[in-house]
Amino acid sequence: MPKYEFQVQAIAQFEPEQSSLPQGRYRFSYTITVTNQGYVAAQLIARHWLITDALDMQQEVHGLGVVGRQPLLQPGESFSYSSSCELRTPSGHMQGRYLCVTEDGECFDAAIARFVL
């Protein structure tokens, strides 16, 4: 088991009732689950997302925490949250990383693998 490791899982779905196809607005919701698979407690401090639509138009999102929180995860503990994004095309993908800090002061990135919208 690595000393510092967050596993990130994502599930996305199209939200037709929040979309406007004639206006080219496609809303997708997603649920992220972050699990501390290391053996040291660590806190999720910031996020960096790359959101790409089917025309390769990219949005970049940076910010502190997720949904207004900066969860501290003990080894084996998980944190889940839901959010959404809007695209101008009916499909796309997201990927990114979380900046994390361990209880012993080390920083590491937790990769968010590409997932389809």
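Modeller: The model is a predicted one, in which local features need pLDDT of at least 70 and side-chain atom pairs count only at pLDDT 80 or more, while totals for chains, interfaces and linings use all residues. Residues are numbered from 1 along each chain as its sequence is written, and side-chain values use heavy atoms, with hydrogens and water left out.

Rings of Phe, Tyr and Trp (its six-membered ring) pair if their centres lie within 6.5 Å; planes under 30 degrees apart count as stacked, over 60 as edge-to-face and the rest as tilted. One of these pairs is formed by Tyr30 and Phe115, whose ring centres are 6.0 Å apart with the planes at 55°, so this pair is tilted. The pair links distant parts of the chain, since Tyr30 belongs to strand β2 and Phe115 to strand β8, 85 residues apart. Strands here are DSSP runs (E, at least two residues), numbered from the N terminus. Tyr30 is buried at a relative accessible area of 6%, and Phe115 likewise counts as buried at 9%; buried means under 20% relative accessible area, exposed over 50% and partly exposed in between (1.4 Å probe, protein chains only).

Tyr30 and Phe115 form one aromatic cluster with Trp49 and Tyr98. Contact meaning heavy atoms within 4.5 Å, Trp49 touches, among others, Tyr30, Ile32, Tyr81, Met94, Tyr98, Ile112 and Phe115, not counting residues up to four places away in sequence.

The largest nonpolar core has 25 residues, of which Phe6, Ile32, Trp49 and Tyr98 touch the most other members. Such a core is a set of buried Ala, Val, Leu, Ile, Met, Phe, Trp, Tyr and Cys residues joined through side-chain atoms within 4.5 Å. Two or more of its residues come from each of β1 (6-14), β2 (26-36), β3 (42-53), β6 (78-87), β7 (92-102) and β8 (107-116), and β2 gives the most, with 5 residues.

Turning to the strands themselves, two of them pair if DSSP finds at least two bridges between them. β3 and β7 run antiparallel and are joined by 11 bridges; Ala42 has Thr102 as its bridge partner in β7. β7 in turn pairs with β8 in the antiparallel sense over 8 bridges, with Val101 opposite Cys107 in β8. β2 is joined to β6 by 10 bridges, and these strands run antiparallel.

Key
Helix = DSSP H or I, 4+ residues; strand = E, 2+ residues; numbered from the N terminus.
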